[in-house]
Amino acid sequence: MDRRSRMTKSSPGAAHQSPVASKKDRRPSMFEKEAYAQILRERLRESIHDVQYVEPPFDDSIADIGKEWKSALAKLKFANSYRMEPLKKFQAHSVETKIQQILKDSLKDVKYDDKSFSHLSLDLADRVLTAVKEFGYHRYKFIIKVLFIQKTGQAINIASRWIWDVAWDSWVQAKHETESYVALVLVFALYCE
Amino acid sequence: MEEYHRPCDEVGFNAEEAHNIVKECVDEVLGGEDYNQNNINQWTASIVEQSLAHLVKLGKAYKYIVTCAVVQRSAYGFHTASSCFWDTTSDGTCTVRWENRTMNCIVNVFAVAIVL
């Protein structure tokens, strides 16, 4: 809907910018403000985007509940613990073996199935989260990402970058490959100072 | 001794700003391009790095993790889920899905607050 309206707007724009009607339609110069917007529109003509998931939600109704509790907590003064580092540093290798085990157990003989996999991915993410919490790393926050990619001969490229405290924060990945799909689990552990 | 309480963390993670930043970065890198095996590594790396650089410029006390998956457009199935253990009042996430004629791109931003 959006795309169609944009296309009709660009044609009168082009006619306005080259009043001398040459045989070939010259592309307007980059230095005119409207022209830049038009070029951008042309480039992005075939692309669409949307926002899939946001937390806290845009309308902020649920977020307020947490804030009352939090401001009450701020009034309590905690004694300084003088702790500069975590009690137990995040050990990537032991977590990796555990997660690889979980993946192998839950995805043994599971074939790719459109309907059940969306539920399975959430289930697996929760399971991995409970397993990582069981390790007992204090004051660590965890982010688990689970990806299922069906193997149909297409190419996929996954990249991650982060800004965190290199001394205490770390990440772990586990991959489980079968004939019809690949399952990838990423775990990020961040120390809450 | 007074407790220094950062006023901006009270608002929590601003997902609107984050999604605008991500959308602009992806448009800049992938806008008008077709899927190309030679460039794809460079594109994913630059999307992620640029988003991260812009997020940091916001100047908030947050740790960021940005993940990007770019897939060639064809008939395939793709599921992704994430589960997080954090402080819901100050931390947040935002996922932006972008597509064009030849590829699909999903960018995920996780922001975890640093308590100073």
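User: How many salt bridges does the rule find across the interface of chain B and chain A?

Analyst: Three, going by the rule. Keep in mind that this is a predicted model.

User: What makes B:Asp91 and A:Lys141 a salt bridge?

Analyst: The closest N and O atoms of B:Asp91 and A:Lys141 are 2.8 Å apart. The rule asks for a Lys or Arg side-chain nitrogen within 4 Å of an Asp or Glu carboxyl oxygen, so the B:Asp91 and A:Lys141 pair qualifies.

User: And how many residue pairs are in polar contact between chain B and chain A?

Analyst: The count is 22, with both residues of a pair at pLDDT 80 or more.

User: Which elements of chain B supply the side that touches chain A?

Analyst: Helix 1 (15-30) and helix 2 (40-57) of chain B each give at least two residues, and so do strand 1 (62-72), strand 2 (78-85), strand 3 (92-99) and strand 4 (103-113). Strand 1 of chain B has the largest share, with ten residues. Sorted by class, that side of chain B holds 30 nonpolar, 23 polar and 13 charged residues.

User: What area is buried between chain B and chain A?

Analyst: About 5,600 Å², and carbon and sulfur atoms give 56% of that. In terms of contacts, 66 residues of chain B meet 59 residues of chain A.

User: What pattern does each chain follow along the sequence?

Analyst: Chain A reads α-α-β-α-α-α-β-β-β-β, which comes to five helices and five strands. Chain B reads α-α-β-β-β-β, with two helices and four strands.

User: What share of each chain is called buried, and what makes a residue buried?

Analyst: The label needs under 20% relative accessible area. In chain A, 34% of the 193 residues fall under that cut-off. For chain B, 54% of the 116 residues do.

User: What share of the contacts in chain A with a separation of 6 or more comes from residues 24 or more positions apart?

Analyst: In chain A that share is 68%. The corresponding value for chain B is 69%.

Key. Residues numbered from 1 in each chain as written. Chains lettered and ligands numbered in written order. Predicted model: local features only at pLDDT ≥ 70, side-chain atom pairs only at ≥ 80, totals over all residues. Heavy atoms only, no water. Contact = heavy atoms within 4.5 Å. Buried area = accessible area lost by both parts, 1.4 Å probe. Polar contact = N/O pair within 3.5 Å; in protein donor to acceptor, adjacent residues only side chain to side chain. Nonpolar A, V, L, I, M, F, W, Y, C, P; charged D, E, K, R; others polar. Buried < 20%, exposed > 50% of the residue type's maximum accessible area, 1.4 Å probe, protein only.
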